[in-house]
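Biologist: I'm new to this one. Can you walk me through it?

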Amino acid sequence: MNKTQWVLMTTFAATFYGIGNIWMTQFGWRLWTYVAPSDFAAYHNAWWAMIKPVVFPVAAVAFFGAFALIWWRPAGVTATPVWLNVGLQVLIYALTAAFWGRWQAQTHFATLPGGGLDPMYVRAMSTHWIRAALVTLSGLTVFWMVVQDLSKNLQK
């Protein structure tokens with residue numbers, strides 16, 4: 001493997017790890033309704049502390065790997081998926097900063113003390129599938145690059 005293939009495979013591994021993380025989050029957030037309102041702050045703070053070291057470093061590798069592939073693109077990989085993935089990564093983090101990250105930080109309960117659902121929680125949950133789909137599409141785009149690279153190498 002050469003340098004460009006290492007960049008591709010590292011980015012591929014990071015994006016697929018990200019797919020697992022985003023779907024774990026998508027389904028995990030649904031469990032928040034089972035946390036008693038009086039326990040939610042402690043639960044949420046522990047959850048946030050737990051995910052930071054396992055999500056953010058690998059997400060950074062996927063993000064910066066998308067940009068690295070602009071300069072270190074394997075010969076068999078076309079430019080279209082590289083630029084598509086860059087766009088997806090920028091969109092994922094722009095929307096996360098604008099919406100889901102902010103909403104998640106503003107969620108103080110999933111289930112309100114009176115038994116209803118917190119509107120902020122409902123807003124995040126009713127739209128978070130878009131984020132999960134974008135992360136999944138990013139991973140599939142990088143998978144497409146791997147297929148292109150492997151196809152080119154098999155033709156040699």
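Biologist: What should I know about the model before we start?

Modeller: This is a predicted model, where local features need pLDDT of at least 70, side-chain atom pairs count only at pLDDT 80 or more, and totals for chains, interfaces and linings use all residues. Residues are numbered from 1 along each chain as its sequence is written, and side-chain values use heavy atoms, with hydrogens and water left out.

Biologist: How many helices and strands are there?

Modeller: Four helices and zero strands. Helices (H or I, at least four residues) and strands (E, at least two) are DSSP runs, numbered from the N terminus. Along the sequence the pattern reads α-α-α-α.

Biologist: What does the C-alpha trace span?

Modeller: About 65 × 25 × 20 Å along its principal axes.

Biologist: And how much of the protein is buried?

Modeller: Of its 156 residues, 41% count as buried. Buried means under 20% relative accessible area, exposed over 50%, and partly exposed in between (1.4 Å probe, protein chains only).

Biologist: What about the surface?

Modeller: The accessible surface comes to about 8,500 Å², and 73% of that belongs to carbon and sulfur atoms. Those areas come from the Shrake-Rupley method with a 1.4 Å probe; for residues, only the protein chains shown count as cover.

Biologist: Where does H4 bend?

Modeller: At Thr-127, by about 40°. The bend at a residue is the angle between axes fitted to the seven residues ending there and the seven starting there.

Biologist: Where is the kink in H2?

Modeller: At Lys-52, shortly before the proline Pro-53, and it is about 45°. The 35 residues of H2 should span 51 Å, and its end C-alpha atoms are 49 Å apart, which agrees.

Biologist: And in H3?

Modeller: H3 has a kink of about 55°, centred on Thr-96. Thr-96 is also one of the buried residues of H3, along with others including Val-82, Leu-88 and Trp-103.

Biologist: What covers those buried residues of H3?

Modeller: The cover includes helix H1 (3–30), H2 and H4. For the buried residues of H2, the cover includes H1, H3 and H4.

Biologist: Now the cores. Which residues have the most contacts inside the largest one?

Modeller: Trp-29, Trp-32, Phe-40, Trp-47, Trp-103, Ala-110 and Tyr-121, in a nonpolar core of 14 residues. Helix H2 (37–71), helix H3 (79–105) and H4 each give two or more residues to this core. Apart from it lies another core, of ten residues, among them Val-7, Val-77, Val-82 and Met-145. A nonpolar core is a set of buried Ala, Val, Leu, Ile, Met, Phe, Trp, Tyr and Cys residues joined through side-chain atoms within 4.5 Å.

Biologist: Lots of rings there. How many aromatic pairs are there?

Modeller: The structure holds 17. Rings of Phe, Tyr and Trp (its six-membered ring) pair if their centres lie within 6.5 Å; planes under 30 degrees apart count as stacked, over 60 as edge-to-face and the rest as tilted. One aromatic cluster includes Trp-29, Trp-32, Phe-40 and Tyr-121.

Biologist: What does Trp-32 touch?

Modeller: Leaving out residues up to four places away in sequence, Trp-32 touches Phe-40, Tyr-43, His-44, Trp-47, Gln-104, Thr-107, Ala-110 and Tyr-121. Contact means heavy atoms within 4.5 Å.

Biologist: Is Thr-11 buried or exposed?

Modeller: Buried, because its relative accessible area is 1%. Thr-11 sits in helix H1. Beyond neighbours within four places in sequence, its contacts include Ala-62, Ala-66 and Val-142.

Biologist: And Ala-66, where is that?

Modeller: In helix H2. Ala-66 is buried too, with a relative accessible area of 1%. Its contacts, again leaving aside neighbours within four places, are Thr-11, Val-82, Asn-85, Val-86 and Gln-89.

Biologist: Last one. What does Gln-148 touch?

Modeller: Gly-76, Val-77, Thr-78 and Pro-81, not counting residues up to four places away. Gln-148 lies in helix H4.

How values were computed: The expected span of a helix is 1.5 Å times one less than its number of residues.
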